[in-house]
Each structure stands twice: as C-alpha cells, then as structure tokens.
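Hi everyone, thanks for coming. Have a look at it first.

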Amino acid sequence: MKKRMILGGTAALAVLAAVAVAQMRPGETPAPEGLVTQADDNPFAGLDEIFNEPGPDLGLTEEEVQAEDDYLRMSPPTGETGDVPEALTENVLYETCEKVPEVKSAEFFRGTPDAYANRMIYDFARYERVLTTKDCTCAGKVAPFAEVQKIKDQIAAEHGDDWNRLIIGGEYEKDGNELRDQVEAMCKGKF
C-alpha cells in the first residue's frame, strides 16, 4: 500500500510538473499522448495497469487454479507435516450453528481475565472436539460448555485457584489456533 501511495504521489507530481511546464511554454510540443493533464482524470490509471497485471499463465484450468489456492490455504504451516484425518461429514460454518447458552451470555464477552480465559479454552475445546469426532457439522463444532469447566478444574489443580487467566488463556489460544488449522484442513473449509 505504501509503495502504491509513493508511486502514485510521484506520478501525480510528475503530471503536475508536466502540466505546469506545458502551460509556461505554450509554443513547445504538447504533452505526450496518454499523459493525464486534466484534474478530473485518474492520475493512478497507469499504476492500476501495473498492479492489476495478470500473473503468468501456467496453463491451468479455472478448477485447477481454485484447487491450488485451496491447497495453499489449507496446507499446514511450513515445517509441520502429518496426515490430515478424513472428515466423516460435510463442513458447516460454525457461525450458522446454534450456540450453547453460556456462549450467548454477556458474561462470556466481558473484558475480564476470567471471560478471556473462558473464550480461549472454549475455542480450544471446540477445535479438539471436531478433531476427535471428525464431525464438521454443528454437532461436532458446538462443544458443551462443561468442557471449559473440566479444563479450568485441571488448571486449578495444577496451578492453584489464582492461576493467571491471561497467560494460560493465551496458551490455549495459541494451541487452539494450531488445532483450528488442522480442523479447517480436515473439513476442507473455514471453521
């Protein structure tokens, strides 16, 4: 974006300079053809052509290009290998699923450390559930909220009741993001 702005600004200044020079010396040759000289014209038209050039033709059909894009989006991060399990169901977007009451509550979305930890742990539990059940439908993606309490009980047993919700919640967020990538690869679509 910055590169485009710099190039666009440079092009605009060049156009303004050419217009000013042309007006100061009316007896000289006119501005080159294609040079924008009117304020209502798009000074970035030439740049748009450069940035919108199609990539090299690899001889792929539209379906093959889409398959390649899907593969690149779904591939595990560099350095990670492993087999992606086969889903038993078709993918359904989580956003279309009926949420459990705890997730619909205002308490779940509060800005407190405890609410943050609950959200991160619940996300982790949802992704883990899909991988375990291989169910990419709402039945697999909507985890019972009791899973959050089980995990919190395990954390409290290990770290005490005053465990750091932000740090441990952040760890669950990181682990959950890794699981989400695996789930999206298995389900062949967005969570």
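This is a predicted model: local features need pLDDT of at least 70, side-chain atom pairs count only at pLDDT 80 or more; totals for chains, interfaces and linings use all residues.

Residues are numbered from 1 along each chain as its sequence is written, and side-chain values use heavy atoms, with hydrogens and water left out.

Okay, helices. These are DSSP runs of H or I, at least four residues, numbered from the N terminus. Take α5, residues 113-133, and α8, residues 165-187: their axes come within 8 Å and cross at roughly 25°. An axis here is a line fitted to C-alpha atoms over the stretch in contact, and angles run from 0 to 180 degrees between N-to-C directions. So α5 and α8 are roughly parallel, a word used for angles under 35 degrees. Their contact has 15 nonpolar, 4 polar and 6 charged residues. Nonpolar means Ala, Val, Leu, Ile, Met, Phe, Trp, Tyr, Cys and Pro; charged means Asp, Glu, Lys and Arg; the others, Gly among them, are polar.

Now how does α5 meet α7? The axes of α5 and α7 come within 9 Å and cross at roughly 115°, so this pair is roughly perpendicular, the term for 65 to 115 degrees. On the α5 side, the contact (heavy atoms within 4.5 Å) includes Asp-114, Asn-118 and Tyr-122, and on the α7 side Glu-147, Val-148 and Lys-152 are among the residues.

Keep Tyr-122 in mind. Along with Tyr-172, Tyr-122 has the most contacts inside the largest nonpolar core, which has 31 residues. Such a core is a set of buried Ala, Val, Leu, Ile, Met, Phe, Trp, Tyr and Cys residues joined through side-chain atoms within 4.5 Å, with buried meaning under 20% relative accessible area (1.4 Å probe, protein chains only). The largest share, 9 residues, comes from α5. Among the residues Tyr-122 touches are Tyr-94, Phe-108 and Pro-144.

Last bit: most residues other than glycine have a negative phi. Lys-134, in the loop between α5 and α6, has a positive phi near 60°. Lys-188, in the segment after α8, also has a positive phi, about 60°. Buried or exposed, then, for Lys-188? At 61% relative accessibility, Lys-188 is exposed, meaning over 50%. Lys-134, at 30%, is partly exposed, the range in between buried and exposed.

Notes: Helices (H or I, at least four residues) and strands (E, at least two) are DSSP runs, numbered from the N terminus. Angles under 35 degrees count as roughly parallel, over 145 as roughly antiparallel, 65 to 115 as roughly perpendicular and the rest as oblique. Lists of a residue's contacts leave out its neighbours within four places in sequence.
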